[in-house]
Number of protein chains: 2
Amino acid sequence: MNHPLSIPLLVPDLPTATEVLPYLQRIEQARWYTNFGPLVREFEQSLLNQFTQVQAGEWYLTTVSNGTLGLELALQVLNLPKGARVLIPALTFVATATAVIRAGCQPVLADIDPDSWLLTPDLALIAWQRQPYHAVMPVATFGCPQEVEAWESFFARTGVPVVIDAAGAFGNQQVGKNILTVFSLHATKALGIGEGGFIIGGNQHLIAAIRELSNFGISKQAHFVTQVGTNAKMSELHAAVGLAALARWSQKQQRYRQLYRDYLTILCRACPQIILQNKPIEGIYPVLPICLPNGQNGQTVATYLAFQGIETRRWYCPPIFEHSAFAQVPWSDSLETVRHLAGRLLGLPFHLFMTTADIEQVGMELNRAIQEPGVMNCG
Amino acid sequence: MNHPLSIPLLVPDLPTATEVLPYLQRIEQARWYTNFGPLVREFEQSLLNQFTQVQAGEWYLTTVSNGTLGLELALQVLNLPKGARVLIPALTFVATATAVIRAGCQPVLADIDPDSWLLTPDLALIAWQRQPYHAVMPVATFGCPQEVEAWESFFARTGVPVVIDAAGAFGNQQVGKNILTVFSLHATKALGIGEGGFIIGGNQHLIAAIRELSNFGISKQAHFVTQVGTNAKMSELHAAVGLAALARWSQKQQRYRQLYRDYLTILCRACPQIILQNKPIEGIYPVLPICLPNGQNGQTVATYLAFQGIETRRWYCPPIFEHSAFAQVPWSDSLETVRHLAGRLLGLPFHLFMTTADIEQVGMELNRAIQEPGVMNCG
């Protein structure tokens with residue numbers, strides 16, 4: 001029963017110890033290990049420079065110890081009324097929902113677009129016209145970028161603040177002046193540093209306030225606590241990994257793009273029945289989720305593939321509303337698309353150590369599982 | 001005016017890059033960077049072994065990304081009623097208070113013992129008899145250990161859960177079976193790893209639940225979210241520093257003990273008027289706070305010392321009740337001792353790179369500031 005996994009789901013490709021070493025030596029020399037040290041500040045500037053639309057002096061960025069705390073603080077800084085309703089998609093990682101609740105708000109679940117699998121500005125507008133909410137937190141699900149201009153228009157029209165949960169979308173997601181965009185740098189992300197994240201936006205006051213909240217809420221000017229913050233500071237150590245990761249980011253981007261193109265070509269030939277998320281072919285994606293054809297079950301196929309030594313994961317199944325912690329969370333509509341898709345989603349192995357032969361094998365076994373359901377009883 | 005500081009307040013003594021390197025190589029080989037990886041698990045076991053009273057199998061420990069999140073989750077796991085009253089000392093770092101509020105509770109400020117500067121079990125009992133509260137979070141202030149047996153008795157008598165904020169007391173603070181004890185491993189602590197912390201106790205269920213809360217609340221058994229958690233996981237990178245730090249911890253403990261003994265000897269000779277916190281002479285302390293004689297002002301002395309190139313910090317002034325974020329926090333009594341002491345407390349330079357000459361100079365200048373207030377106008 002314990003077939004050794006020959007094709008693992010994720011294999012992080014972080015900087016080597018040798019690549020990180022010069023940055024560790026800098027930390028050692030400065031003897032400054034956290035609390036907005038020189039490496040964190042340099043890493044923040046380097047991250048800012050990654051956003052091509054960014055002009056110096058008009059955009060602001062602050063790092064955090066992880067993306068989840070970034071979402072919590074981005075919501076907190078909006079100063080929404082206690083129990084404020086925050087629209088989120090029902091198909092997302094659980095941290096989207098936990099962050100809303102920990103920020104003292106109430107998540108409201110929205111449906112997703114059947115092609116992009118995203119909560120789009122159009123869907124958010126329909127939900128808002130049905131029943132207003134205080135903020136919206138769309139997700140760049142599976143790395144698929146949200147349309148920033150459309151969200152800016154949504155904000156201009158409704159006045160509802162927008163926080164984009166772009167946890168898995170660094171490299172794809174553009175940023176908006178009137179939007180807070182939160183990225184994760186978790187080990188499993190395209191730009192992984194272990195644990196980490198950052199928030200970027202055009203509002204200097206909000207970003208500065210998030211920075212203070214990440215340092216207990218201590219006001220930089222007065223050295224007094226004016227807002228109740230926590231410790232969400234990125235350490236110099238993680239900034240060291242981040243600087244080493246950025247040093248080879250452009251090369252890594254190319255490898256990710258190539259992998260995604262090659263993978264799709266092989267997959268669409270080997271197993272044309274599967275349904276793919278509609279997103280830019282030139283993107284940099286940390287994962288490869290597919291949707292099985294109607295009538296297929298994600299768990300059955302996952303079990304079959306595991307027997308063939310292929311690791312998969314059923315992101316994001318169960319969807320948010322099936323977790324007992326979110327049983328009381330209201331829905332903005334019937335969530336028809338999420339309910340229709342969730343059970344058929346499957347994350348395939350996707351990482352920079354995969355060979356063409358690995359991808360061929362995934363495609364072949366996936367096709368076998370779908371074409372000949374009988375084979376799945378052989379385990 | 002910008003006198004270069006010749007005697008800095010704190011100089012962290014963390015493992016060198018060379019010492020950390022073998023652990024980074026282990027991470028690189030495993031390609032496992034966070035989410036309870038092998039180094040975190042080894043570090044947790046090694047931390048457990050540091051507590052001499054600990055018997056295998058009866059004590060439990062889980063790491064967190066920092067001590068503040070450790071306090072938040074330790075309070076959350078108690079499942080206190082919403083808005084529950086939690087007694088804390090009025091003299092402590094602000095994170096003690098922010099953690100209570102972020103855990104959905106209401107801090108209630110208590111006074112401290114005039115000798116140990118701690119909220120003691122006796123003071124907590126008096127406050128409880130005056131008006132009951134739901135939990136108490138005493139602090140091992142400035143590294144001074146809390147008396148665990150007395151807190152166990154307090155718990156046995158009142159049934160009020162006890163969480164010890166032992167942020168700065170690793171090496172001194174004993175742990176209790178029926179108590180949750182939270183340590184910080186921040187760079188400025190005796191065992192510093194950059195950012196980090198852990199919680200230890202005798203209740204397997206509570207520690208396991210904190211571990212789940214630090215991973216979004218995802219239940220290990222069911223893979224469902226049953227409690228609303230956050231991301232408070234320690235990365236493998238910080239565990240690497242932790243393992244390297246523990247490898248020379250026994251040597252570092254000796255150096256800290258020696259420093260404290262030598263410092264006290266010099267200080268008591270050079271400036272016998274100062275008042276010291278009553279705590280074990282054989283302790284391992286991350287900081288050296290003193291209390292100035294009655295009538296003296298901490299800020300005035302700090303300013304004078306800064307002109308002499310001696311960096312100090314006024315821990316914990318202003319006390320909790322003077323921060324605007326805590327203006328509504330109720331007091332359990334008049335907080336007489338805190339109000340009497342806070343303005344006179346001063347943290348002196350204290351770190352393993354200090355020479356005997358440095359300490360002599362601190363003592364001499366401190367004495368000058370106290371003996372001859374006139375000299376303080378010379379700036």
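Let's start inside one chain: between domain 1 of chain A and domain 2 of chain A, the count of salt bridges is zero. Keep in mind that this is a predicted model, and that the two domains come from a domain assignment, which places domain 1 at 17-247 and domain 2 at 249-376. Their centres, taken over C-alpha atoms, sit 26 Å apart. The contact draws on 44 residues from domain 1 of chain A and 37 residues from domain 2 of chain A.

So what does hold our attention at this domain boundary? The size of an interface is often given as the accessible area lost when the parts come together. For domain 1 and domain 2 of chain A that comes to about 3200 Å², with 68% of it on carbon and sulfur atoms. On the domain 1 side, look for A:Leu109, A:Trp117 and A:Phe142, which lose the most area to domain 2 of chain A and together account for 26% of what that side buries.

Polar contacts do turn up here: 16 residue pairs, both partners at pLDDT 80 or more, cross between domain 1 and domain 2 of chain A. If you trace the domain 1 side by secondary structure, strand 2 (85-89), helix 4, strand 3 (106-110), helix 5 (121-130) and helix 8 of chain A each put in at least two residues. Strand 3 of chain A has the largest share, with five residues. By residue type, the domain 1 side splits into 26 nonpolar, twelve polar and six charged.

Now step back to the pair of chains. Chain A can be laid on chain B with an RMSD of 0.0 Å, using a turn of 180° and a shift of 0.0 Å along the axis. That is how a two-fold axis relates its copies. The contact itself involves 53 residues of chain A and 53 residues of chain B. Of the interface residues of chain A, 100% are also interface residues in chain B, so the copies meet through the same surface.

How much area do chain A and chain B bury between them? The figure is about 4400 Å², 64% of it on carbon and sulfur atoms. The number of salt bridges between chain A and chain B is zero. Polar contacts, on the other hand, link 26 residue pairs across the chain A and chain B interface, counting pairs with both residues at pLDDT 80 or more.

Salt bridges do exist elsewhere. Side chains of opposite charge can pair when their charged atoms come close. Over all chains, the count comes to 20 salt bridges. One to find is between the side chains of A:Arg248 and A:Asp13, at 3.3 Å from N to O. A:Arg248 lies in the loop between helix 8 and helix 9 (249-270) of chain A, and A:Asp13 in the segment before helix 1, so this pair ties together parts that are 235 residues apart in sequence.

Finally, a few backbone details. A:Trp315 and A:Tyr316 are joined by a cis peptide bond, with omega about -25°. A:Tyr316 belongs to the loop between helix 10 (298-307) and helix 11 (336-341) of chain A. Another cis peptide bond runs from A:Cys317 to A:Pro318, where omega is near 5°, and A:Pro318 lies in the loop between helix 10 and helix 11. Over in chain B, B:Asn35 has a phi near 60°, a positive value in a residue other than glycine. You'll find B:Asn35 in the loop between helix 1 (17-30) and helix 2 (38-49) of chain B.

How values were computed. Residues numbered from 1 in each chain as written. Chains lettered and ligands numbered in written order. Predicted model: local features only at pLDDT ≥ 70, side-chain atom pairs only at ≥ 80, totals over all residues. Heavy atoms only, no water. Least-squares fit on C-alpha atoms with pLDDT ≥ 70 in both. Contact = heavy atoms within 4.5 Å. Buried area = accessible area lost by both parts, 1.4 Å probe. Salt bridge = Lys/Arg side-chain N within 4 Å of Asp/Glu carboxyl O. Polar contact = N/O pair within 3.5 Å; in protein donor to acceptor, adjacent residues only side chain to side chain. Domains from an automatic or database assignment. Helix = DSSP H or I, 4+ residues; strand = E, 2+ residues; numbered from the N terminus. Nonpolar A, V, L, I, M, F, W, Y, C, P; charged D, E, K, R; others polar.
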